[in-house]
Amino acid sequence: MPATIYYKGSFYFVSLAELQEVIHLIEKETSHALLNVDESGKKLSIELSGTFDKRDALQAIFSNAATYAASGMVLAYDNGTFADVFCANRCNEFNPERCSIIMFTLREFEETFGKLHMKIPELVYDSPFYIYEQSLEDIGPAFEDEIPISEEDCDTGFTILKKIWKDYVAHSGSPVFSIVFKLYEGSKPGVHAVKGTYGFAPGYSFEKAVEEAIKCNFMVLRWSDFWDDKYVIRN
């Protein structure tokens with residue numbers, strides 16, 4: 001009887017995008033996985049078995065998967081004997097190779113922080129909004145199929161975004177802030193600054209806007225992902 005390897009455990013993720021990426025990694029390499037997905041909790045429970053000749057490939061998968069996870073662990077067993085453990089080790093600092101973008105609607109913002117009390121055109125209000133690290137601007141989504149809007153409506157959208165960025169996001173205590181934005185040296189010792197690029201995509205559905213961001217290799221953080229203190233990342 002061939003030697004077997006067995007993996008069991010759970011990983012928790014900062015965003016659904018990263019959860020889905022790990023699912024893709026695992027399913028791509030093996031058809032012998034039992035994956036229990038809890039999207040509301042961004043949790044992936046794993047039971048996987050295989051023959052020993054696949055050990056190196058599976059070790060590589062779980063080492064990679066652990067870099068996406070904010071917390072949790074997966075245990076490995078060789079023929080029923082404990083062999084290894086893969087602990088979540090999502091980097092706690094901004095990494096341009098693992099870039100993230102916050103995407104949200106104004107409705108989501110208002111549900112969190114209250115009404116904006118502004119006259120906002122319906123097309124602007126229903127548009128997907130986004131914020132990400134300024135140094136990634138050259139590789140960010142272009143949203144080339146935007147519907148043209150008036151200069152006044154454009155100004156309204158960016159006035160709202162400037163307020164959201166300055167008053168809420170840039171000074172937030174979000175547990176995942178440091179993985180989304182780069183910290184720059186400020187004008188005083190020990191003081192840091194952040195820089196964000198922001199915009200909105202009139203005429204895009206939220207789902208289509210997310211697709212465009214993913215095409216640019218951005219991990220998409222929903223508004224709830226950014227503010228969810230359950231996903232504090234600890235080194």
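Me: Which residues are buried in α2?
Reply: This is a predicted model. In it, the buried residues of α2 are L58, Q59, I61, F62, A65 and A66. They lie on the same side of α2, because the arc they cover around the axis is only 160 degrees.

Me: What do the buried residues of α2 pack against?
Reply: Against β1, α1, β3, β4 and β5.

Me: How many residues does α2 have, and how far does it reach?
Reply: α2 has 12 residues, and from first C-alpha to last it reaches 16 Å, close to the 16 Å expected at 1.5 Å a residue.

Me: Now the sheet. What is the strand order?
Reply: β2-β3-β1-β4-β5, an open sheet of 5 strands with antiparallel pairing. The edges are β2 and β5 (81-87). Each of these has a single partner strand, so one side of each has no neighbour in the sheet.

Me: What about the twist?
Reply: From one strand to the next it averages 10 degrees. α2 packs on this sheet, where it touches β1, β3, β4 (69-78) and β5. The direction of α2 makes about 10 degrees with that of β1.

Me: How many bridges join β2 to β3?
Reply: There are 6, and the two strands run antiparallel. As for residue pairs, L35 stands opposite I46 in β3.

Me: Switching to α1. Which of its residues are buried?
Reply: A17, E18, L19, V22, I23, L25 and I26. The elements covering them include β1 (4-13), β2 (33-38), β3 (43-51), α2 (55-66) and β11 (219-222). α1 itself spans residues 16-29, 14 residues in total, and reaches 20 Å between its first and last C-alpha, close to the 20 Å expected.

Me: Next, the largest nonpolar core. Which residues have the most contacts inside it?
Reply: I164, V169 and F181, in a core of 27 residues. Elements that each supply at least two residues of this core include β6 (100-104), α3 (106-113), β7 (129-133) and α5 (151-169). α5 gives the most, with 5 residues.

Me: Is there a second core, or what else is there?
Reply: A separate core of 26 residues, with I5, L19, A76 and A88 among them.

Me: Back to V169. What is it in contact with?
Reply: With neighbours within four places in sequence left aside, V169 is in contact with I102, I131, I164, F177, F181, W223 and F226. Two of these residues are also paired: I131 in β7 is the bridge partner of I102.

Me: Which way do β6 and β7 pair, and over how many bridges?
Reply: They pair in the antiparallel sense, over 4 bridges. β7 is also joined to β10 (residues 196-200) by 5 bridges, and those two strands run antiparallel. There, E133 stands opposite G196 in β10.

Me: How many residues of β7 are buried?
Reply: 5 of its 5 residues, so it counts as mostly covered.

Me: Last one, D228. Where is it, and is it buried or exposed?
Reply: D228 lies in the segment after α8. Its relative accessible area is 16%, so D228 is buried; the cut-off is under 20%.

Me: And what does D228 touch?
Reply: K42 and P175, not counting residues up to four places away in sequence.

Conventions
Residues numbered from 1 in each chain as written. Predicted model: local features only at pLDDT ≥ 70, side-chain atom pairs only at ≥ 80, totals over all residues. Heavy atoms only, no water. Expected span 1.5 Å × (residues − 1). Buried < 20%, exposed > 50% of the residue type's maximum accessible area, 1.4 Å probe, protein only. Contact = heavy atoms within 4.5 Å. Core = buried A, V, L, I, M, F, W, Y, C linked by side-chain atoms within 4.5 Å. Pairing = 2+ DSSP bridges. Axes fitted to C-alpha atoms, helices over the stretch in contact; angles between N-to-C directions. Arc of directions from axis to C-beta.
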